[in-house]
Amino acid sequence: MLDEFNRYCALQRDQAPLAALLIYLKRKGGWVQLNQIWKELGPTAGGPFWNQTTLINKLDKLERLEVVSLERRVLPSSRSEVKKKTNTFCKLNPASPVFPHIYSMLKISKVEQDKYSSEMVDKPLERLSGLTTKSEKGDPMVERELEVALDLIGEVFNIGGDEVRTLIKERMVHRGLIKDSRLEIS
């Protein structure tokens, strides 16, 4: 699956739309309605997608690669109880090997004293593929990068190592990624 994802990323001439979609879904955390994605990543919001067909095709391909989960739900219409609409919702698959590395496509910089901003790195999909492949092979540098990330989070929020781990665990429980908050993150 990872090899197929890497081949798909290599085919992307413009890496920004797919990278922006993955980062957007990671930031949202849970199920997001397709209409909402189009509203925030479409041309009216200045997003990278210029037509819905491209967005839907990318989501379908990511679903086949098991990076994204798609679900179609029937919801009652707000205007009439009898009418029903089918809506598509999607979220990142937490079991996907690319899931933990999606934020590696962002470069974080300090703007002011306590303000930070992020922007996409050059060739974000290549960076994501490379980091995911290294972590799958057990590269020791990935372990070091995780340590640096924990230090950076501690610095940003001005908290210690144990508090950072607790913060991450609470966030993962809140998002439903883990069931029990007593699980250890090391």
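Let's start with helix H2. Of its 13 residues, 10 are buried, so H2 is largely enclosed by the rest of the structure. Keep in mind that this is a predicted model.

Which residues of H2 are buried? Here they are: Pro17, Leu18, Ala19, Ala20, Leu21, Leu22, Ile23, Tyr24, Leu25 and Lys26. Now its length. From first C-alpha to last, H2 reaches 18 Å, close to the 18 Å expected at 1.5 Å a residue. After H2 comes glycine 29. The phi of glycine 29 is positive, near 85°.

Next, helix H1, residues 2-10. Its buried residues are Leu2, Phe5, Asn6, Tyr8 and Cys9. Look down the axis of H1: these residues fall within an arc of 160°, so they line one face of the helix. What do the buried residues of H1 pack against? Three helices are listed here: H2 (16-28), H4 (52-64) and H5 (124-136). Now turn to the face of H1 that points away from its buried side. That face carries the exposed residues Asp3, Arg7 and Ala10.

Last stop, the second largest pocket. Its volume is about 210 Å³. Which residues line it? Leu11, Gln12, Arg13, Asp14 and Pro17 do. So do Pro48, Phe49, Trp50, Asn51, Thr54 and Lys58. By type, the lining divides into five nonpolar, three polar and three charged residues.

Terms used:
Residues numbered from 1 in each chain as written. Predicted model: local features only at pLDDT ≥ 70, side-chain atom pairs only at ≥ 80, totals over all residues. Heavy atoms only, no water. 1 Å grid on protein atoms, 1.4 Å probe; cavity = no way out; pocket = protein on both sides within 12 Å on 5 of 7 lines; lining within 4 Å. Points joined across faces, edges and corners; volume = space filled by probe spheres on them. Nonpolar A, V, L, I, M, F, W, Y, C, P; charged D, E, K, R; others polar. Buried < 20%, exposed > 50% of the residue type's maximum accessible area, 1.4 Å probe, protein only. Helix = DSSP H or I, 4+ residues; strand = E, 2+ residues; numbered from the N terminus. Arc of directions from axis to C-beta. Contact = heavy atoms within 4.5 Å. Expected span 1.5 Å × (residues − 1).
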